[in-house]
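Hi,

Here is the structure I promised to pass on to you.

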Amino acid sequence: MPKLPRTALLALLAPLAAPAAASINDFTELSLEQLLDVEIVSASRFTQRASDAPSAVSVLTANDIRDYGWRTLAEALNSVRGFVTSSDRTYSYAGIRGFSPPGDFTTRLLVLIDGVRTNDNVFDQAYIGNEFLLDLDLVDRIEIVRGPSSLDYGGNAFFGVINVITRHGGDIKGTETAVSSGSRNSREARISHGQRFDNGADLLLSHTAYEARGQNLSFPEFPGQGSNNDGERYGKTFAKLNWNGLQLETAWSRRNKQVPTGANGVVFDDPGNRNVDTQGFFDARLTRQVADGVEVSGRLFYGQYDYAGDFRYDQTPLAGVVTNQDRAAGRWWGGETKLLLTGWQDHTLVIGAEYQQNRRQDQWNRDADPASACFANGLAAPACLDSRQKGYRLGVYVQDNYRLSPTLHLHAGVRYDHANLSKDRLSPRLGLIWHAQPHSVFKLLYGSAYRAPNAWERFYEFPGAQTQIGNSALKPETITSYEAVWEYYLTPTQRLSSSLYYYNVDDWIVQTEVGGPVKQLQYQNQARVSGKGFDLGLEQQLAGNARLRGSFSAQIVPDHPNGNHNASPRYLGKLNYASPIPGLSNAFAGIEGRYVAPQATSTGHISGYTVLNANLRWQPWGSKGPELALAVYNLFDRAYSGVFIDDSLASGNGRTSLLQDGRAFRLKLSYLF
């Protein structure tokens, strides 16, 4: 069993060694009751105290984003206990609670923006890197709900839900601009306008543009060669209007990213290797209080996703170097209605129904020259893939939060889901929440969730060796989870949070090798996988508005369950510290560190690592006017790798790891008019 490095142990024990303040007046003016009353909306589909939620919840605020200089949702999740992220230099991926199979597109986490699903309907991918729809400058808070959440959200809410809550126009009260420049020859600009009108209407408009020429990269698998094609650019637009219970919201993004790794047998360092992702949604919802304790809401939504991958393959002597075009298009629309009853004795009832029509779940693949041909593995053929799918899903749910006594609450609910391509599912959840003392809360939780196989896993196939074949017979995978949560306030400004959990995943969907001497890949259901773990977190507010947060996670899941690969580290340690800078008015510093234990590859392990980031920001004129921020990521330029799958190289077993970014910086200037 790997040992935790001494530096990581010291970092995790630092909160315990922090000096106590002389008096409560030195702390931020919040009472214990106010600290316990932090409100969230993501755990049960209505506003409730985090201490009453039937899950272990973490909340990251807009101040956290500014203090630590997070650029992406993935960087924010890196600070949260139990999460580990990695990048293949095209997309970012997240694992949680010891479950992180390589090749998974983060399909077991559901990412929302203001309650709107952002996972697409072809790959079910949760986008958390630069490919995420939203600029983090527009975020008010991020609510992270751990544990099975299919009761509230249906599929993909397998290990948890991440709900990104956006700011209101009234928070900006004018026009806000931001420009930045940093490593990878990157530059970014944003302009936002927010306003609250006299009639109560609240409007937020924003657009962000980013461009990076990339960095020069080298890989040991390509000795003597370097890659200069790591460029990226994107645009993101967001708009939200709130008025008299009506909310209209839309988001759109387009990202063009070169692929510099030479993975999957493409011609190395060819500028034509690239992925283009276009995403968008429109959401309209209306909420009405029809009587005391009776609230009715309804929403209509539309979403779309387009993927275009161009990959350059050398098919000499048959066709020379050809561009393979990999494409996907998703279109979906639907509606939801919800009834919230809060005035019925000691019950809070939520009853709802949701319908989604998948109008397009298309995937196709062909070579661009000659047109409509496929030269897979040197064999000329018609188009490699042409899959056109449609579908729908329907879910109805009911949940009751019953106040048995002033200190004891019972949460119970169940959801029924029906889809055209999957077996009907029931997703129950139970929770017993005991406020044992004013400063101590215990939660006993049971939950079940499911994830239906997506169009990529069912229908994507490509002819020839080292390629994928479809499996239309896939069954949904399910999880059953048991968890005990304890939240304890050591002092009015110091909170301890801990979770002990155990889960079983049945019919796990994983990519496996099939066939005889010709190697092919196929997604298949596998036997049960069990996991268990322990999370411990400590948060403290220090004198002078300083904040300290640390966590440790031990998560035990087999590295190779049933002969398949799971890449999650056994231990994780996190530490975040933010504080005003003494002697400099309106200046703040944020320092964060994370320790990640060794992770399994298909042939061994990659080393564990510790990474530190630092961010300084200064507002010389206070909240109005300019803010200057300088962030340094991977402060000590630690060389570390993430698990990577690439079996296309001819020199043996291929690549099992990929070097992550070294030291990088960003200088950012924001201005609020």
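**Cavities**

The structure holds 8 cavities of 30 Å³ or more. On a 1 Å grid over the protein atoms alone, a cavity is a set of points where a 1.4 Å probe fits but cannot get out, and lining residues have an atom within 4 Å of a point. Grid points are joined across faces, edges and corners, and a volume is the space filled by probe spheres set on the points.

Please bear in mind that this is a predicted model, where local features need pLDDT of at least 70 and side-chain atom pairs count only at pLDDT 80 or more, while totals for chains, interfaces and linings use all residues. Residues are numbered from 1 along each chain as its sequence is written, and side-chain values use heavy atoms, with hydrogens and water left out.

The largest cavity has a volume of about 460 Å³. Of its 31 lining residues, Asn358, Gln361, Arg393, Ala452 and Pro453 are the closest to the centre. Among the elements that each supply at least two residues of this lining are strand 20 (347-367), strand 22 (391-405) and helix 7 (455-459); helices (H or I, at least four residues) and strands (E, at least two) are DSSP runs, numbered from the N terminus. The lining of the largest cavity divides into 9 nonpolar, 13 polar and 9 charged residues. Here Ala, Val, Leu, Ile, Met, Phe, Trp, Tyr, Cys and Pro count as nonpolar, Asp, Glu, Lys and Arg as charged, and the others, Gly among them, as polar.

The second largest cavity holds about 100 Å³ of space. It is lined by 16 residues, with Gly103, Asp104, Glu457, Ile509 and Tyr523 nearest its centre. Helix 7 and strand 29 (508-514) are the elements that give two or more residues to this lining, and strand 29 gives the most, with 3.

Strands 26 and 30 (residues 520-526) run parallel, joined by 2 bridges.

**Serine 58**

Serine 58, in strand 3 (residues 57-61), is buried (under 20% relative accessible area, 1.4 Å probe, protein chains only), at 12%. Its side chain makes a polar contact of 2.8 Å with that of arginine 146; such a contact is a pair of N or O atoms within 3.5 Å, where within protein one must be able to donate a hydrogen and the other to accept it, and residues adjacent in sequence count only if both atoms are side-chain atoms.

Best wishes

Key. 1 Å grid on protein atoms, 1.4 Å probe; cavity = no way out; pocket = protein on both sides within 12 Å on 5 of 7 lines; lining within 4 Å. Buried < 20%, exposed > 50% of the residue type's maximum accessible area, 1.4 Å probe, protein only. Pairing = 2+ DSSP bridges.
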